[in-house]
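Please look over the sequence and the structure before reading on.

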Amino acid sequence: MTVAAPEQAPGHAPGHAPGYSPHRTLPLRVEIVRQFKRRRTLVMFGLLLALPWILVIAFQFGPQSSGQGQSSLRISDLATASGLNFAAFALSVSASFLLVVAVALFCGDTVASEANWSSLRYLLAAPVPRDRLLRQKLIVALGYSAAAVICLPLMALLAGTLAFGWNDIQVPGTGETIPALDVLPRFGIVIGYALVSQLVVAALAFLVSTMTDSPLGAVGGAVGLWIVCNILQAVEALGSLREFLPTFWNNAWLDALAPELDWSGMAKGASVSVTYAAILIALAFRRFRRKDVVS
């Protein structure tokens, strides 16, 4: 007598429990909530939102610039000229380190922390497909990184406008004045370029995160390599080779605040950043597919 095989539920893959669907494992909303509840997330956003107000207090208690001479053309001396000037200053002093640390923290801690807590093997035993687990974590990490990069200049714009007024922006280096309403759309370009330039940090931290079970090692490794790139950038003997360093075009966003908008530097910087990020993320997925999560 032949026994008929049990019918599979619609959409049910053979060999899996009824109702199981790989595409429903580890929903984004679950990962978003998990990462939001982490103390490091709250502390980092608190620091980013508080920094502009700390800078405002520092300018209020510090000696006022006379506004004369070549020194007044520096971005730091023009910071109190308007809210837009102050936002540009806050971004310039934070983009090279503080935002790098924030992005590295969100992207470098996401996988390494699971391995450190020994919960990574249980997530994969759920079972969550490896590519899906990595993709979901990368999407959430990039989302928090983008929120970090966006919130600081926006809060700086608010703090600077309240403290120094909504005035026309003065261009660093030349001292020319541009109407604030004309510069405001360009400020969106500045924030957008800051997001793209941080993609390299995010991808590098994410790659290191798949290679270690130490969250501090993943974050520190990414920040350390970024610092090395900054050092190499200062070596003029490298010549045009420096243009291939991801840090070389960090300040290209200043061209968006020039009297004549210049896209050339930002286009080169964005292409370098996106290329490096794509390669590093591809390596992260390739590395994680072969990773031994049991040991």
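Ala95, Leu99, Ala194, Ser197, Gln198, Asn250 and Trp253 line the largest cavity. The model is a predicted one. Two cavities of 30 Å³ or more are counted in it. Rolling a probe the size of a water molecule over the atoms shows where empty space is left.

Largest cavity
- The volume of the largest cavity is about 60 Å³.
- Its lining is made up of four nonpolar and three polar residues, with no charged residue.

Second largest cavity
- The second largest cavity holds about 30 Å³ of space.
- Around the second largest cavity are Glu31, Gln35, Arg40, Phe106, Thr110, Lys137, Val140, Ala141 and Tyr144.
- Helix H1 (28-36), helix H4 (98-116) and helix H6 (130-164) are the elements that each give two or more residues to this lining.
- H6 supplies the largest share of the lining of the second largest cavity, with four residues.
- Sorted by class, the lining of the second largest cavity has four nonpolar, two polar and three charged residues.

Largest pocket
- The largest pocket contains about 170 Å³ of space.
- The lining of the largest pocket consists of Ser92, Ala95, Ser96, Asn230, Gln233, Thr247, Phe248, Trp249, Asn250, Asn251 and Ala252.
- Two or more residues of this lining come from each of helix H3 (83-95) and helix H9 (215-233).
- Seven residues in the lining of the largest pocket are polar, four are nonpolar and none is charged.
- Ala95 and Asn250 line the largest pocket and also line the largest cavity.

Technical notes
Residues are numbered from 1 along each chain as its sequence is written. This is a predicted model: local features need pLDDT of at least 70, side-chain atom pairs count only at pLDDT 80 or more; totals for chains, interfaces and linings use all residues. Side-chain values use heavy atoms; hydrogens and water are left out. On a 1 Å grid over the protein atoms alone, a cavity is a set of points where a 1.4 Å probe fits but cannot get out, and a pocket is an open set with protein on both sides within 12 Å along at least five of seven lines; lining residues have an atom within 4 Å of a point. Grid points are joined across faces, edges and corners, and a volume is the space filled by probe spheres set on the points. Ala, Val, Leu, Ile, Met, Phe, Trp, Tyr, Cys and Pro count as nonpolar, Asp, Glu, Lys and Arg as charged, and the others, Gly among them, as polar.
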